[in-house]
Amino acid sequence: MKYRNPQIPEGINTSDRHPLKEFATLAGGAVLLIVALGWLMGQVAGSLAGLLPFEKEMALVPKELLSSDAGPELQAYLDRLADRLGQDMDLPEGMQVRVHFSGNDTFNAFATLGGNILLFRGLVEALPHENALSMLLAHEIAHVLHRDPIVGIGRGAAIRLVTGLLLGSPDLAVLGSAGIYTQLHYSRGMERAADAAALRAVHQRYGHIGGAAELFNILRAERERSGGGEMPAFFSSHPLDLDRLQTITATARQQGWHENGQATPLPAAFNDWMQDAAGRAAIPEGQRQVRSD
Amino acid sequence: MYDLLLLLVLLALGYGFGQYAERRHYRSIVEREARLNALPAIASRYPPAEPHYQHALVTGSTVVSVDYFKRFLAALRNLFGGRVTSYESLLDRARRESLLRMKQQARTLGAVMVFNVKYETASISKGAGKTIGSVEVLAYGTALIPTPSR
């Protein structure tokens, strides 16, 4: 008996499909899948989060966010302004807005969970009159009214969870870190809706929308000054300032609102209040008073 | 961002070195297979009784490790299912290399053929989290060495 090994042709146990081609197909598919799933989960989680009662939302706010560097007069002034705007915007029963003021020179302002709004001295100091400040406050109140913070957090958490699970490092401690309360990103639609609601409120209060456009001009100037790098929450708002300005003009024309009018000045002592807040901010973190209302 | 960059660099390195090594290895395998073809490796358990042969155990073992690119491709395959072609060529190389080493050992012993040839595989980093997976492929058989006629 003669034993021998025949020559076996190549390519039976292997595939001659180019590995890069396979990589492109698979990676493309995976990216599509992650994006689609993340988007879907984000939408679902966002609308679920919007159903959370406002009282429950208030319980989610970390205490350290609630400190305020405002002196009593400034705080009273901001509270009064926010109250009036809240009334104009028909905040529902039980939804209460609380304004906090940071003496930091950060150029920013944002609304977070539980109706808490944080204004920074850096931005507020740059505002020329009360109308612009009202527009800023009304914009943040509108986020609270629309439940944007909780929807945004719910959306972000779901997206992080999905991508984390698919990429193998799920971050399940979604509500654990305080960072997310200050780094909220709202969708373009949310910003548009907040702008529209704020504009209506400002018009109702002052009879014209003169200060509103001013606010966006200041934001734009700051963006150009800082070179458009890392943008704080208020401006990373996706509709570009120019777009927002144009939308304001268009809305005003459509509604027959006056675009210009007599601006209401800020209180005479406003600059002193700012200095006072800046002084408080300079006190080390541990010795500061935490507001407990 | 840096993570993504690192991933791309690792993928490119894995692809570059992996493909280069694979092509070179296949060339060597084909060439040695042709050379050792004269020494058949047979799966049958019943060696010819005549003429009288001396028997010896011969083994050939290869340990292969997967490169970053192949591993990434296989991980993507986990998502969709289907042929894990990136591992197929790797294991094909390991099997053929093991058989070649076994034959080489048999030839060194002066054997004319190897009977009862079998393969075994063992995963080296089984279950060890994120370590790069390595697999041993072992080929073994009974070498038949002609005894000098008395």
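**Working through the model**

A: L74(A) is placed in helix α3 (residues 72-88) of chain A; helices are DSSP runs of H or I with at least four residues, and strands are runs of E with at least two, numbered from the N terminus. This is a predicted model, in which local features need pLDDT of at least 70, side-chain atom pairs count only at pLDDT 80 or more, and totals for chains, interfaces and linings use all residues. Residues are numbered from 1 along each chain as its sequence is written, while chains are lettered from A and ligands numbered from 1 in the order in which they are written.

Q: Why does L74(A) count as buried?
A: L74(A) counts as buried because it has 23 C-beta neighbours inside 10 Å. The term requires 20 or more other C-beta atoms within 10 Å of a residue's own, with 12 or fewer being exposed and values in between partly exposed; C-beta atoms are placed from the backbone.

Q: And what does L74(A) touch?
A: Leaving aside residues up to four places away in sequence, L74(A) touches F101(A), W273(A) and A277(A); contact means C-beta atoms, placed from the backbone, within 7 Å. M274(A) is 200 residues from L74(A) in sequence, yet their C-alpha atoms are 8.3 Å apart.

Q: How confident is the predictor in chain A?
A: Chain A has an average pLDDT of 80, and 83% of its residues score at least 70; pLDDT is the predictor's confidence in each residue, from 0 to 100. Within chain A, confidence is highest in helix α5 (residues 130-145), at 91, and lowest in helix α10 (residues 233-236), at a mean of 50. Where pLDDT is low, the predicted coordinates should not be read in detail.

Q: Changing topic, how many residues does each chain bring to the contact?
A: Chain B brings 17 residues and chain A brings 15. On the side of chain B that touches chain A, α2 (68-80) and α3 (85-108) of chain B are the elements giving two or more residues.

Q: How do the axes of α2(B) and α3(B) cross?
A: They cross at roughly 130 degrees and come within 8 Å; axes are lines fitted to C-alpha atoms, for helices over the stretch in contact, and angles run from 0 to 180 degrees between N-to-C directions.

Q: Which residues meet there?
A: K70(B), L73(B) and A74(B) of α2(B) meet S86(B), Y87(B) and L90(B) of α3(B).

Note on methods: Two residues are in contact if their C-beta atoms, placed from the backbone, lie within 7 Å.
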